[in-house]
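My notes follow in the order I took them.

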Amino acid sequence: MTATGQRAKISSHFGADAGLDDEQLLAMYRMVALARAVDERMWILNRAGRIPFVISGQGHEGAQVGVTWALRKGHDWIAPYYRSIAMCMTFGMNARDIMLAQYARASDPSSGGRQMPGHYGDRRHNLLSVSSPVATQILHAVGIALAAKIRKTGQVALTAMGEGSSNQGDVHEALNFAAIHRLPFVFLVENNGYAISVPAALEVSVPDVAQRAAGYGIPGVVVDGSDVLACYRAAKTAVERARAGDGPTLIEAKVTRLTGHSSDDQQTKYRTEEDLAVGKSRDAVPHFRDQLRAAGILTEAVEAALTEEIAALVTDATDFAEGEPDPQPSTAMRWVYAEEWPSETPPPWGFGEAEHAAADGRPGDGTAGEGRGGD
Ligand SMILES: Cc1ncc(C[n+]2csc(CCOP(=O)(O)OP(=O)(O)O)c2C)c(N)n1
Ligand SMILES: [Mg+2]
(Lines give C-alpha, C1' and ligand atoms only; values in the text may rest on other atoms or scores of the structure.)
(Ligands and ions follow the chains in the order given, each with its own letter.)
Protein backbone atom coordinates (compact mmCIF):
# COMPACT_ATOMS: atom_id res chain seq x y z
CA MET A 1 0.00 0.00 0.00
CA THR A 2 1.34 3.46 -0.77
CA ALA A 3 1.74 6.13 1.86
CA THR A 4 -1.21 7.95 0.39
CA GLY A 5 -3.35 4.91 0.88
CA GLN A 6 -2.52 4.65 4.57
CA ARG A 7 -4.18 7.80 5.76
CA ALA A 8 -7.58 7.79 7.37
CA LYS A 9 -10.42 9.14 5.24
CA ILE A 10 -10.78 12.80 5.99
CA SER A 11 -12.58 15.37 3.97
CA SER A 12 -10.93 18.72 4.55
CA HIS A 13 -12.77 20.53 1.76
CA PHE A 14 -9.43 22.17 1.00
CA GLY A 15 -9.53 21.24 -2.68
CA ALA A 16 -13.31 21.05 -2.95
CA ASP A 17 -13.70 24.10 -5.19
CA ALA A 18 -11.30 22.47 -7.64
CA GLY A 19 -13.14 19.15 -7.40
CA LEU A 20 -10.23 17.44 -5.66
CA ASP A 21 -10.65 15.25 -2.59
CA ASP A 22 -7.99 14.76 0.06
CA GLU A 23 -6.78 11.53 -1.50
CA GLN A 24 -6.09 13.30 -4.77
CA LEU A 25 -4.40 16.21 -3.02
CA LEU A 26 -2.07 13.83 -1.25
CA ALA A 27 -1.34 12.02 -4.50
CA MET A 28 -0.47 15.39 -6.06
CA TYR A 29 1.81 16.26 -3.17
CA ARG A 30 3.46 12.86 -3.39
CA MET A 31 4.20 13.49 -7.06
CA VAL A 32 5.64 16.95 -6.41
CA ALA A 33 7.84 15.59 -3.63
CA LEU A 34 8.90 12.50 -5.60
CA ALA A 35 9.90 14.54 -8.65
CA ARG A 36 11.96 16.81 -6.38
CA ALA A 37 13.66 13.85 -4.71
CA VAL A 38 14.53 12.22 -8.04
CA ASP A 39 15.90 15.54 -9.28
CA GLU A 40 18.02 16.07 -6.16
CA ARG A 41 19.46 12.58 -6.53
CA MET A 42 20.35 13.36 -10.14
CA TRP A 43 22.57 16.24 -8.99
CA ILE A 44 24.33 14.07 -6.43
CA LEU A 45 24.97 11.45 -9.10
CA ASN A 46 26.28 14.12 -11.45
CA ARG A 47 28.65 15.55 -8.87
CA ALA A 48 29.75 12.01 -8.02
CA GLY A 49 30.67 11.44 -11.66
CA ARG A 50 27.99 8.81 -12.27
CA ILE A 51 25.85 10.72 -14.80
CA PRO A 52 27.19 13.31 -17.25
CA PHE A 53 24.67 16.14 -17.38
CA VAL A 54 21.66 17.30 -15.41
CA ILE A 55 19.05 19.82 -16.41
CA SER A 56 16.75 20.28 -13.52
CA GLY A 57 13.04 20.78 -12.94
CA GLN A 58 13.53 22.08 -9.40
CA GLY A 59 11.19 25.01 -8.81
CA HIS A 60 8.87 23.98 -11.68
CA GLU A 61 7.29 20.91 -10.07
CA GLY A 62 4.20 22.59 -8.64
CA ALA A 63 3.16 24.02 -11.98
CA GLN A 64 3.93 20.82 -13.84
CA VAL A 65 2.00 18.54 -11.50
CA GLY A 66 -0.90 20.97 -11.14
CA VAL A 67 -1.30 21.45 -14.88
CA THR A 68 -0.75 17.82 -15.89
CA TRP A 69 -3.30 16.66 -13.32
CA ALA A 70 -6.03 18.22 -15.46
CA LEU A 71 -5.22 15.98 -18.44
CA ARG A 72 -6.34 12.41 -19.00
CA LYS A 73 -3.45 9.95 -18.71
CA GLY A 74 -3.22 7.43 -21.54
CA HIS A 75 -5.60 9.51 -23.67
CA ASP A 76 -4.27 13.04 -24.06
CA TRP A 77 -0.82 13.94 -25.38
CA ILE A 78 2.09 15.96 -24.05
CA ALA A 79 5.12 17.32 -25.89
CA PRO A 80 7.38 18.04 -22.90
CA TYR A 81 10.67 19.93 -22.57
CA TYR A 82 13.92 19.30 -20.76
CA ARG A 83 12.64 20.51 -17.37
CA SER A 84 9.46 18.39 -17.56
CA ILE A 85 10.48 15.68 -15.07
CA ALA A 86 7.45 16.19 -12.82
CA MET A 87 5.17 16.50 -15.86
CA CYS A 88 6.42 13.24 -17.38
CA MET A 89 6.15 11.47 -14.03
CA THR A 90 2.61 12.72 -13.51
CA PHE A 91 1.75 11.39 -16.96
CA GLY A 92 3.08 7.90 -16.30
CA MET A 93 6.88 7.70 -16.29
CA ASN A 94 8.30 6.43 -13.03
CA ALA A 95 11.49 7.11 -11.10
CA ARG A 96 13.27 4.21 -12.81
CA ASP A 97 12.33 5.55 -16.24
CA ILE A 98 13.82 8.96 -15.43
CA MET A 99 16.98 7.45 -13.99
CA LEU A 100 17.42 5.12 -16.98
CA ALA A 101 17.43 8.22 -19.19
CA GLN A 102 20.00 9.91 -16.97
CA TYR A 103 22.27 6.89 -17.25
CA ALA A 104 21.49 6.51 -21.00
CA ARG A 105 20.93 2.78 -20.58
CA ALA A 106 19.74 0.42 -23.29
CA SER A 107 16.41 0.05 -21.50
CA ASP A 108 15.85 3.83 -21.23
CA PRO A 109 12.27 4.33 -22.47
CA SER A 110 12.99 7.86 -23.67
CA SER A 111 15.39 6.79 -26.41
CA GLY A 112 17.27 3.62 -25.49
CA GLY A 113 20.19 5.82 -24.45
CA ARG A 114 20.37 7.79 -27.73
CA GLN A 115 18.95 11.15 -26.69
CA MET A 116 20.61 13.94 -24.83
CA PRO A 117 20.08 13.53 -21.06
CA GLY A 118 16.88 15.24 -19.96
CA HIS A 119 15.10 14.67 -23.25
CA TYR A 120 12.32 12.54 -21.88
CA GLY A 121 9.67 10.82 -23.95
CA ASP A 122 7.65 7.65 -23.63
CA ARG A 123 5.33 6.32 -26.27
CA ARG A 124 3.56 4.11 -23.70
CA HIS A 125 2.28 7.30 -22.08
CA ASN A 126 1.67 9.59 -25.10
CA LEU A 127 4.77 11.60 -24.21
CA LEU A 128 6.52 12.90 -27.30
CA SER A 129 10.30 12.86 -27.40
CA VAL A 130 12.01 16.20 -26.66
CA SER A 131 14.01 17.84 -29.45
CA SER A 132 17.13 19.93 -28.75
CA PRO A 133 16.04 23.04 -30.68
CA VAL A 134 13.75 24.79 -28.21
CA ALA A 135 10.10 25.46 -29.13
CA THR A 136 9.92 22.95 -31.99
CA GLN A 137 7.67 20.83 -29.78
CA ILE A 138 4.83 23.33 -30.09
CA LEU A 139 4.39 22.48 -33.76
CA HIS A 140 4.37 18.79 -32.95
CA ALA A 141 1.73 19.31 -30.26
CA VAL A 142 -0.45 21.45 -32.50
CA GLY A 143 -0.17 18.77 -35.19
CA ILE A 144 -1.38 16.21 -32.67
CA ALA A 145 -4.25 18.50 -31.71
CA LEU A 146 -5.19 18.86 -35.39
CA ALA A 147 -5.18 15.07 -35.79
CA ALA A 148 -7.35 14.71 -32.67
CA LYS A 149 -9.84 17.19 -34.08
CA ILE A 150 -9.98 15.51 -37.49
CA ARG A 151 -10.34 12.06 -35.94
CA LYS A 152 -12.79 13.33 -33.32
CA THR A 153 -10.95 11.48 -30.55
CA GLY A 154 -11.67 14.02 -27.82
CA GLN A 155 -7.95 14.19 -27.05
CA VAL A 156 -6.15 17.33 -25.95
CA ALA A 157 -2.48 18.07 -26.71
CA LEU A 158 -0.35 20.14 -24.36
CA THR A 159 3.14 21.47 -24.76
CA ALA A 160 5.40 23.23 -22.27
CA MET A 161 8.46 25.43 -22.62
CA GLY A 162 10.24 28.32 -20.97
CA GLU A 163 9.56 32.02 -21.51
CA GLY A 164 12.79 32.40 -23.48
CA SER A 165 11.79 29.67 -25.92
CA SER A 166 8.36 31.25 -26.31
CA ASN A 167 9.98 33.96 -28.46
CA GLN A 168 10.81 31.51 -31.25
CA GLY A 169 8.96 31.91 -34.55
CA ASP A 170 7.46 28.44 -34.24
CA VAL A 171 5.32 29.70 -31.37
CA HIS A 172 3.65 32.36 -33.50
CA GLU A 173 2.96 29.88 -36.30
CA ALA A 174 1.57 27.30 -33.91
CA LEU A 175 -0.66 29.64 -31.90
CA ASN A 176 -2.03 31.33 -35.00
CA PHE A 177 -2.87 28.00 -36.60
CA ALA A 178 -4.29 26.47 -33.42
CA ALA A 179 -6.46 29.53 -32.79
CA ILE A 180 -7.80 29.72 -36.36
CA HIS A 181 -8.78 26.04 -36.29
CA ARG A 182 -9.90 26.04 -32.64
CA LEU A 183 -7.68 23.09 -31.90
CA PRO A 184 -7.77 21.18 -28.61
CA PHE A 185 -4.42 22.56 -27.50
CA VAL A 186 -2.97 23.95 -24.27
CA PHE A 187 0.25 25.93 -24.25
CA LEU A 188 2.07 26.09 -20.91
CA VAL A 189 4.84 28.64 -20.54
CA GLU A 190 6.93 27.95 -17.43
CA ASN A 191 8.36 31.40 -16.81
CA ASN A 192 11.32 31.10 -14.44
CA GLY A 193 12.71 34.53 -15.25
CA TYR A 194 15.82 33.34 -17.05
CA ALA A 195 16.90 31.84 -20.35
CA ILE A 196 20.21 30.40 -19.19
CA SER A 197 21.84 33.66 -17.91
CA VAL A 198 19.59 36.15 -19.74
CA PRO A 199 16.90 37.71 -17.52
CA ALA A 200 13.30 37.81 -18.74
CA ALA A 201 13.34 41.60 -19.21
CA LEU A 202 15.91 41.10 -21.98
CA GLU A 203 14.05 38.21 -23.61
CA VAL A 204 10.39 39.19 -23.59
CA SER A 205 9.09 42.65 -24.53
CA VAL A 206 6.05 42.49 -22.24
CA PRO A 207 5.82 41.67 -18.50
CA ASP A 208 3.67 38.59 -19.12
CA VAL A 209 4.00 36.18 -22.02
CA ALA A 210 0.26 35.56 -21.50
CA GLN A 211 -0.47 39.04 -22.88
CA ARG A 212 0.52 37.74 -26.29
CA ALA A 213 -2.51 35.43 -26.32
CA ALA A 214 -4.64 38.47 -27.16
CA GLY A 215 -2.88 38.67 -30.53
CA TYR A 216 -4.32 35.25 -31.37
CA GLY A 217 -7.75 35.86 -29.90
CA ILE A 218 -7.31 33.14 -27.26
CA PRO A 219 -7.35 33.29 -23.46
CA GLY A 220 -4.01 34.05 -21.81
CA VAL A 221 -3.81 33.27 -18.11
CA VAL A 222 -1.08 34.09 -15.60
CA VAL A 223 -0.88 31.73 -12.68
CA ASP A 224 1.37 31.48 -9.61
CA GLY A 225 3.52 28.41 -10.26
CA SER A 226 4.10 27.88 -6.55
CA ASP A 227 0.35 27.39 -6.07
CA VAL A 228 -0.34 23.84 -7.23
CA LEU A 229 -4.12 24.15 -6.99
CA ALA A 230 -4.17 27.45 -8.90
CA CYS A 231 -2.21 25.73 -11.68
CA TYR A 232 -4.64 22.82 -11.65
CA ARG A 233 -7.66 25.12 -11.84
CA ALA A 234 -6.21 27.09 -14.75
CA ALA A 235 -5.42 23.89 -16.63
CA LYS A 236 -8.81 22.36 -15.89
CA THR A 237 -10.53 25.35 -17.44
CA ALA A 238 -8.19 25.25 -20.45
CA VAL A 239 -8.68 21.51 -20.96
CA GLU A 240 -12.46 21.79 -20.70
CA ARG A 241 -12.41 24.59 -23.24
CA ALA A 242 -10.20 22.55 -25.56
CA ARG A 243 -12.38 19.43 -25.31
CA ALA A 244 -15.50 21.48 -25.94
CA GLY A 245 -14.07 22.57 -29.29
CA ASP A 246 -13.51 26.18 -28.21
CA GLY A 247 -9.80 26.20 -29.00
CA PRO A 248 -6.47 26.75 -27.30
CA THR A 249 -5.40 28.54 -24.11
CA LEU A 250 -2.03 29.97 -23.13
CA ILE A 251 -1.19 29.42 -19.46
CA GLU A 252 1.85 31.22 -18.10
CA ALA A 253 3.01 29.80 -14.78
CA LYS A 254 5.41 32.06 -12.92
CA VAL A 255 7.86 29.55 -11.54
CA THR A 256 11.33 29.70 -10.05
CA ARG A 257 14.54 28.08 -11.18
CA LEU A 258 16.18 26.79 -8.02
CA THR A 259 19.31 25.48 -9.72
CA GLY A 260 21.68 26.69 -12.39
CA HIS A 261 20.43 26.31 -15.95
CA SER A 262 22.17 22.93 -16.00
CA SER A 263 24.90 21.06 -14.16
CA ASP A 264 27.39 22.94 -16.38
CA ASP A 265 26.18 26.36 -15.24
CA GLN A 266 26.95 28.38 -12.11
CA GLN A 267 24.12 30.84 -11.54
CA THR A 268 25.85 32.73 -8.76
CA LYS A 269 27.94 34.27 -11.58
CA TYR A 270 24.95 36.21 -12.88
CA ARG A 271 22.29 36.24 -10.11
CA THR A 272 22.47 38.26 -6.94
CA GLU A 273 22.01 36.71 -3.51
CA GLU A 274 18.77 38.64 -3.12
CA ASP A 275 17.42 37.34 -6.43
CA LEU A 276 18.29 33.78 -5.42
CA ALA A 277 16.61 34.23 -2.03
CA VAL A 278 13.41 35.53 -3.65
CA GLY A 279 13.51 32.55 -6.01
CA LYS A 280 13.84 30.14 -3.12
CA SER A 281 10.88 31.71 -1.32
CA ARG A 282 8.70 30.85 -4.32
CA ASP A 283 9.25 27.09 -4.13
CA ALA A 284 6.02 25.10 -4.52
CA VAL A 285 7.22 22.13 -2.45
CA PRO A 286 7.16 23.82 1.00
CA HIS A 287 4.12 25.92 0.00
CA PHE A 288 2.04 22.90 -0.90
CA ARG A 289 3.30 20.99 2.14
CA ASP A 290 2.30 23.85 4.46
CA GLN A 291 -1.13 24.12 2.84
CA LEU A 292 -1.80 20.41 3.27
CA ARG A 293 -0.50 20.40 6.83
CA ALA A 294 -2.71 23.35 7.74
CA ALA A 295 -5.72 21.62 6.18
CA GLY A 296 -5.02 18.55 8.34
CA ILE A 297 -4.44 16.39 5.26
CA LEU A 298 -0.69 15.90 5.61
CA THR A 299 -0.47 14.55 9.13
CA GLU A 300 2.87 13.70 10.73
CA ALA A 301 2.26 10.00 10.22
CA VAL A 302 1.34 10.40 6.55
CA GLU A 303 4.33 12.63 5.93
CA ALA A 304 6.72 10.20 7.58
CA ALA A 305 5.36 7.32 5.49
CA LEU A 306 5.61 9.39 2.32
CA THR A 307 9.18 10.42 3.04
CA GLU A 308 10.13 6.81 3.59
CA GLU A 309 8.37 5.64 0.44
CA ILE A 310 9.98 8.33 -1.71
CA ALA A 311 13.48 7.67 -0.37
CA ALA A 312 13.02 3.98 -1.17
CA LEU A 313 11.80 4.73 -4.70
CA VAL A 314 14.74 7.02 -5.43
CA THR A 315 17.24 4.47 -4.14
CA ASP A 316 15.54 1.69 -6.07
CA ALA A 317 15.61 3.78 -9.27
CA THR A 318 19.28 4.63 -8.83
CA ASP A 319 20.31 1.05 -8.07
CA PHE A 320 18.23 -0.26 -10.94
CA ALA A 321 19.67 2.18 -13.49
CA GLU A 322 23.21 1.59 -12.19
CA GLY A 323 22.78 -2.11 -12.84
CA GLU A 324 21.31 -1.88 -16.35
CA PRO A 325 23.55 -2.35 -19.41
CA ASP A 326 24.56 0.44 -21.78
CA PRO A 327 23.32 0.16 -25.36
CA GLN A 328 25.62 -1.80 -27.65
CA PRO A 329 27.62 0.47 -30.00
CA SER A 330 26.56 -1.81 -32.88
CA THR A 331 22.98 -0.63 -32.34
CA ALA A 332 23.80 3.08 -32.69
CA MET A 333 21.83 3.41 -35.92
CA ARG A 334 18.74 1.93 -34.39
CA TRP A 335 15.73 4.27 -34.20
CA VAL A 336 17.62 6.82 -36.28
CA TYR A 337 16.73 5.52 -39.73
CA ALA A 338 13.70 3.54 -40.81
CA GLU A 339 14.35 -0.13 -40.31
CA GLU A 340 11.88 -1.18 -42.96
CA TRP A 341 13.58 0.57 -45.80
CA PRO A 342 11.08 1.75 -48.40
CA SER A 343 13.23 0.58 -51.33
CA GLU A 344 14.44 -2.79 -52.53
CA THR A 345 18.04 -2.10 -51.65
CA PRO A 346 19.01 -1.79 -48.00
CA PRO A 347 21.05 1.20 -46.83
CA PRO A 348 24.85 0.73 -47.09
CA TRP A 349 25.08 -0.07 -43.39
CA GLY A 350 22.37 -2.69 -43.67
CA PHE A 351 19.35 -3.18 -41.45
CA GLY A 352 21.22 -5.13 -38.80
CA GLU A 353 17.92 -6.05 -37.17
CA ALA A 354 19.04 -9.46 -35.93
CA GLU A 355 22.34 -8.12 -34.58
CA HIS A 356 20.57 -5.30 -32.82
CA ALA A 357 18.15 -7.63 -31.15
CA ALA A 358 20.89 -10.04 -30.14
CA ALA A 359 23.09 -7.24 -28.85
CA ASP A 360 20.27 -5.76 -26.81
CA GLY A 361 19.34 -9.21 -25.57
CA ARG A 362 15.68 -8.86 -26.47
CA PRO A 363 13.31 -9.49 -29.36
CA GLY A 364 13.90 -7.21 -32.34
CA ASP A 365 10.47 -5.66 -32.35
CA GLY A 366 11.58 -2.03 -32.72
CA THR A 367 10.31 -0.85 -29.34
CA ALA A 368 12.40 1.42 -27.15
CA GLY A 369 11.70 0.34 -23.58
CA GLU A 370 9.60 -2.46 -22.24
CA GLY A 371 7.51 -2.34 -19.08
CA ARG A 372 9.78 -2.37 -16.11
CA GLY A 373 7.36 -2.08 -13.24
CA GLY A 374 8.49 0.41 -10.61
CA ASP A 375 6.39 2.79 -8.61
C1 LIG B 1 16.56 27.06 -31.16
C2 LIG B 1 17.48 27.00 -29.97
N3 LIG B 1 18.17 28.10 -29.62
C4 LIG B 1 18.99 28.06 -28.55
C5 LIG B 1 19.13 26.90 -27.83
C6 LIG B 1 20.04 26.86 -26.62
N7 LIG B 1 19.24 26.88 -25.41
C8 LIG B 1 18.92 25.76 -24.75
S9 LIG B 1 17.98 26.05 -23.41
C10 LIG B 1 17.98 27.71 -23.69
C11 LIG B 1 17.27 28.64 -22.74
C12 LIG B 1 15.82 28.53 -22.81
O13 LIG B 1 15.25 29.32 -21.79
P14 LIG B 1 13.74 29.21 -21.43
O15 LIG B 1 12.95 28.98 -22.65
O16 LIG B 1 13.37 30.37 -20.60
O17 LIG B 1 13.65 27.86 -20.61
P18 LIG B 1 14.28 27.50 -19.20
O19 LIG B 1 15.56 26.79 -19.49
O20 LIG B 1 14.50 28.76 -18.46
O21 LIG B 1 13.29 26.63 -18.54
C22 LIG B 1 18.71 28.02 -24.83
C23 LIG B 1 18.92 29.39 -25.33
C24 LIG B 1 18.40 25.77 -28.26
N25 LIG B 1 18.47 24.60 -27.60
N26 LIG B 1 17.56 25.83 -29.32
MG1 LIG C 1 13.25 30.50 -18.54
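I began with H2 and H5, which are roughly parallel to each other, because their axes cross at roughly 25 degrees and angles under 35 degrees count as roughly parallel. I am working from a predicted model. The two axes come within 11 Å, with H5 covering residues 95-103. I noted a right-handed crossing for this pair.

Next I looked up the contacts. From H2, Leu 34, Val 38, Met 42 and Leu 45 meet Ala 95, Ile 98 and Gln 102 of H5. By class I get 6 nonpolar residues, 1 polar and no charged ones for H2 with H5.

Then I turned to H2 (residues 22-47) and H11 (residues 300-323). Their axes come within 10 Å and cross at roughly 40 degrees. That angle makes H2 oblique to H11. H2 passes H11 in a right-handed crossing.

Which residues of H2 meet H11? I found Leu 26, Arg 30, Ala 33, Leu 34, Ala 37, Val 38, Arg 41 and Leu 45. On the H11 side they meet Val 302, Leu 306, Ile 310, Leu 313, Val 314, Ala 317 and Thr 318. The H2 contact with H11 has 12 nonpolar, 1 polar and 2 charged residues.

Last, I checked ligand 1. How many residues surround it? I count 15, and the closest are Pro 133, Gly 162, Gly 164, Ser 165 and Ala 195. Strands S2 (157-162) and S4 (194-195) each supply at least two residues of this shell. By class the shell has 6 nonpolar, 6 polar and 3 charged residues.

How values were computed
Residues numbered from 1 in each chain as written. Chains lettered and ligands numbered in written order. Predicted model: local features only at pLDDT ≥ 70, side-chain atom pairs only at ≥ 80, totals over all residues. Axes fitted to C-alpha atoms, helices over the stretch in contact; angles between N-to-C directions. Helix = DSSP H or I, 4+ residues; strand = E, 2+ residues; numbered from the N terminus. Parallel < 35°, antiparallel > 145°, perpendicular 65-115°, else oblique. Left-handed = near helix turned anticlockwise from the far one by under 90°. Contact = placed C-beta atoms within 7 Å. Nonpolar A, V, L, I, M, F, W, Y, C, P; charged D, E, K, R; others polar. Near = placed C-beta within 6 Å.
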